[in-house]
Structure formats: C-alpha cells, structure tokens
Amino acid sequence: MSRLSYEEARRTLTSARKAGAGVPAYLRWVNRPLGGQAAILAASWGWTPNGVTALSAALGAFGLGILVIITESWAPPVAALLLLAGYILDSADGQLARIQGRGGPAGEWLDHVVDGVRAPLVHIAIAVALVRADAPAWLVVVAALFSVLVSGWFLSQLLAEKLLPKAPPRSDDARRSAIESFMKQPQDPSTTYLVLALFPLALPFAVAYTALFAWHVLIFAASLRRKFAQLRAL
C-alpha cells in the first residue's frame, strides 16, 4: 500500500466516517475524532492498521505495567494517560483500514482480541495496585469482580451482534441521540481510565470506582435480560 498524502487521506476518511448515534459521548466527540486524525497521519506515513492496533496494545500494556510496578503517586495518572492514548489508536486502526481499503475479518478479529484482553486486565492491574497500596480488602474484591464483569459484557456484546439480526438504520433526532450518548458515557473505557487517575486520592477513588462498578452491574443485568429476550424470540 503506497502512502497517501495528508489531504487524500482526510478526504477518504470524511467519505467513510462512521455515524456517531448511540455511542458514548467521549467515544463519539473526543476519541473517534482524535483517532481519525491519528489515522490520517498513519496513512500519510504508510502505516498499516494492524501496526496501529499493535501500538495501541503496547501503550495499554506499558500503562498497566507502570500501574502495577511503580507505587509513586504519579504512576496511576500516567497509566491513565497511556491507556487513553491507546484508546485513541483503538479508534484509529479501523479508520485507517477504511482509508486504505484494507478492512477485513483478520484485522477486526485482532482488534477484538486486543480489546477483550485489555478490558479485564485494567481491573486486574487496579486490584494489584490496591493490594500494594494496602487498600481495604472489599475494594480489591470490587476490582476483581469488575474484571469478570467486563469480560462477560464484552462476550455478551460480541455474541449478540453475531446471533441477532442486523438492526435497521436509526432515525433518532440530534437531541435524543446526544442524550443517549451522555447516558452511555459511564460504560465507555475512558470513564474507567479517568477514575483511575484519582487513585492517589484514596477516598474519592474508592467512591468513584465503586459507584462505577455498581452502575455496570445494573446496566449489565438489564442488557443480559434484554438480549436473552430478543434471542429467545427468534
């Protein structure tokens, strides 16, 4: 694949951009636009989508390594920044594939594998960091359960996408779409990463992290019930 000029890559992405309705606010208005800029640069540098996926995984792994190994107060915010940077590239790889016309099952599979591994590892790393910080045992248990929950949620979403018929195109108005995006924001990985940055502040982190876990439990339970009913009706 030859390199594209910056303008060629930008024009190609503009014509192939995903709709934003129904996705969390940060992903819709921050992460995808930044990922698009990263994809345009990557296309002009001749990078491949799989290379961008690998870099996204490496940034996440580096951030989690810092969180687990280093006990200084700066480590969690730096880990959060690295995870957010990796999240940008997680949006960039698919957009780069569309720019280059290289989308396919292998790249999609690799992207899902990285996401499926990273999601629980974030909470496992938080659990390890909590143990090292002599945090209360109940909070460590919350982190461990959080890792199981996000794994189950990820698998549930993937299976539902494969087993349920394709949903018809959405016709939501802009206001309703924006409200839905903000309501879905807690389930976006960026929320977990931003809460992680509070780790040096023990009480605010414990409150925010536990509340985020409780929200995930409630929404996951509702999601499971809805998907089971939809699948049973087929």
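Q: Which residues does Thr 53 touch, not counting residues up to four places away in sequence?
A: Contact means heavy atoms within 4.5 Å, and by that rule Thr 53 touches Asp 93, Leu 110, Asp 111 and Val 114, with residues up to four places away in sequence left out. This is a predicted model, in which local features need pLDDT of at least 70 and side-chain atom pairs count only at pLDDT 80 or more, while totals for chains, interfaces and linings use all residues. Residues are numbered from 1 along each chain as its sequence is written, and side-chain values use heavy atoms, with hydrogens and water left out.

Q: What joins the side chains of Thr 53 and Asp 93?
A: A polar contact is a pair of N or O atoms within 3.5 Å, where within protein one must be able to donate a hydrogen and the other to accept it, and residues adjacent in sequence count only if both atoms are side-chain atoms. The side chains of Thr 53 and Asp 93 are joined by such a polar contact, of 2.6 Å.

Q: Is Thr 53 buried or exposed?
A: Buried means under 20% relative accessible area, exposed over 50%, and partly exposed in between, with a 1.4 Å probe and protein chains only. Thr 53 has a relative accessible area of 3%, and therefore counts as buried; in the chain, buried residues make up 39% of the 234 residues.

Q: Where is Thr 53 found, and how many helices and strands are in the chain?
A: Helices (H or I, at least four residues) and strands (E, at least two) are DSSP runs, numbered from the N terminus. Thr 53 lies in helix H3, which covers residues 49–69, and the chain has 9 helices and 0 strands.

Q: What share of the contacts in the chain with a separation of 6 or more do residues 24 or more positions apart account for?
A: Residues 24 or more positions apart account for 81% of those contacts.
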